[in-house]
Amino acid sequence: MSNSNGAREFPVETDFQKKARRPGGVTRNQAVGGAQAQIETLKDEFTDWVKDGLKRLQSAIQLAETHPANATLIEDAFRSSCELRDIGTTMGYELVTFVANLLCEVLDNIRNGADYDKVLIRCHLDALQLARQDSYRNVSPDQVPELCDGLRQAAERSMSVAGRISK
Amino acid sequence: MKNATLNLRDLVILVADPSPYMCMLANSMLRGFGANKAMDARSSIDAIQILTEQKIDILLLDNLLPPHGGLKLTQAIRRNVNNPNRTVPILLMTSDTRESTIKYARDAGANMVVAKPMSPSSLYDRLSWIAFNPRNFVDAPTYFGPDRRFKIEGFPTGVGRRQGDKAIEVSEETGPTLAQDDIDSLFSSSRV
C-alpha cells in the first residue's frame, strides 16, 4: 500500500518472529530463572571485572584531564563509567552502582559543555576504589551516608552550577 | 500472549556492545532463555561486517557503540537497500532514556528500546514483544523501518501522512528520563 507521499507500507514477518513463536520455548518464569542462574555463575568474576573496569576508567580520566576539551576522551570516560554502573547493577553491587551512576551524570554534564571538575571526578574515583573492596561488597548506599551524601551533594552542586551557566 | 513461550533455540543473535562484560552478561541471559547461537561485536564496523556476511535473526545494539553510536548504525542498516538484514529486528540498549533519545531511536528504525542496566525480565519482555507484536514496515523517502504510528504528530493541513491518520496534539517534552514502561508505551502500536 502506498500513498501520495511515496510511502509504502508492507507486512514483514521476520525469521525471528517465525522461529521465536515455535513450540518448545520457555515461559517467562523459566527464562528469567535460567538467566539468573547463568548470571550467578559470573559473580566470582565480578571482582576482576570491576578492577579492570576501574583501571580503564582511571586511564580514560587521566587522558581526559590532560585534554579536557577533547570530546572523544570525555566520551570514553563516560562510556567506562556507564559500563561500571551497568555491570554493578546487573550483578547487584549497589555501592559501585551508586558512585558510578553519579560519575556518569557528572561526565554527561561535561559532555554537554560543563567545566571539567578535576577534584570532583577524583573524589568519585577514590570512592569507587573503596566501593570495590571486599568489605564494601554487600554495603548499600544508605549504610554509608557519610560517603554517599557528600558525593551526591558535590555532584548536584556541580550540576546546578553548570545548569545556571548554560541558562 | 500472557502464556506464550519464547523459543530462541537456533536463532542467530548478534549482541553489539563495546563492553566485553556487557556482552558476556547479555549472552548469559540469552543462554538462560534457551538461545544457543549468540555472537558479539565490539564496534559498529565489526557489526556491519557480520551483518553483510550473514543472516542475523535479531540484533541487540548498544546506543554508545563506537565509533558512530547505535542510532547511526540502525539508520545505516535500514537505509542500505542491499543489506540482507535490512528488516532485522533491532533492540536498542541504552542507559540514556531521555524522551528525545527514545524518539530518535524510534525514528532511526529501532523495533524497541530496553533501558540499561538490563534485567533478565526486562530483556525477556522486550524480546517477547518483538516476537508477538509484528509491525508492518514503512518504506518512505525519509524513513525505512517498523511502522512508528503510535502518535501522529499532526500536519499543517490536518491531514495525516497516510490514509486514516488523524492529527493530534503532542505534548511538550517533560522530565529528563523515561522509565521502561514509558519507553514501551512509545513503541506500542496503537493508532489514534
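Modeller: Helices (H or I, at least four residues) and strands (E, at least two) are DSSP runs, numbered from the N terminus. On that basis chain B reads β-α-β-α-β-α-β-α-β-α-β-β-α along the sequence. That pattern holds six helices and seven strands. This is a predicted model, where local features need pLDDT of at least 70, side-chain atom pairs count only at pLDDT 80 or more, and totals for chains, interfaces and linings use all residues. Residues are numbered from 1 along each chain as its sequence is written, while chains are lettered from A and ligands numbered from 1 in the order in which they are written.

Colleague: Why is Leu54(A) called buried?

Modeller: A residue is buried if 20 or more other C-beta atoms lie within 10 Å of its own, exposed if 12 or fewer, and partly exposed in between; the C-beta atoms are placed from the backbone. Leu54(A) has 20 C-beta neighbours inside 10 Å, so it counts as buried. Leu54(A) sits in helix 3 (residues 43-66) of chain A.

Colleague: What makes Asp10(B) exposed?

Modeller: Asp10(B) has 12 other C-beta atoms within 10 Å, so it is exposed. Asp10(B) lies in the segment before strand 1 (13-16) of chain B. Asp10(B) also has a positive phi of about 70°, although it is not a glycine. Most residues other than glycine have a negative phi, and most peptide bonds are trans.

Colleague: Which peptide bonds are cis, and how do you know?

Modeller: By omega. The bond joining Pro66(B) and Pro67(B) is cis, with omega about 0°. Pro67(B) lies in the loop between strand 3 (58-62) and helix 3 (70-79) of chain B. Lys116(B) and Pro117(B) are also joined by a cis bond, with omega about -5°. Pro117(B) belongs to the loop between strand 5 (112-115) and helix 5 (120-132) of chain B.

Colleague: What makes a group of residues a nonpolar core?

Modeller: Such a core is a set of buried Ala, Val, Leu, Ile, Met, Phe, Trp, Tyr and Cys residues joined through C-beta atoms within 7 Å. The largest one has 92 residues, and Val99(A), Ile13(B), Phe33(B), Leu60(B), Leu61(B) and Leu91(B) touch the most other members. Helix 5 (residues 94-111) of chain A supplies the largest share of this core, eleven residues.

Colleague: Which residues does Val99(A) touch beyond four places in sequence?

Modeller: Two residues are in contact if their C-beta atoms, placed from the backbone, lie within 7 Å. Val99(A) touches His124(A), Ala127(A), Leu128(A), Ala131(A) and Leu151(A), not counting residues up to four places away. With its neighbours within four places left aside, Leu54(A) is in contact with Leu84(A), Leu128(A), Gln129(A) and Arg132(A).

Colleague: How many residues are in contact between the chains?

Modeller: 40 residues of chain A are in contact with 45 residues of chain B. Helix 2 of chain A gives the most to chain A's side, with nine residues.

Colleague: What makes two strands a pair?

Modeller: Two strands pair if DSSP finds at least two bridges between them. Strand 1 of chain A and strand 6 (residues 137-140) of chain B share three bridges in the antiparallel sense. In that pairing, Glu9(A) has Val138(B) as its bridge partner. Strand 6 and strand 7 of chain B pair over four bridges, also antiparallel. Here Phe137(B) is bridged to Pro146(B).

Colleague: Why are some strands of the sheet called edges?

Modeller: The open sheet has three strands in the order 1(A)-6(B)-7(B), with antiparallel pairing. Strand 1 of chain A and strand 7 (143-146) of chain B each have a single partner strand, so one side of each is left without a neighbour in the sheet.
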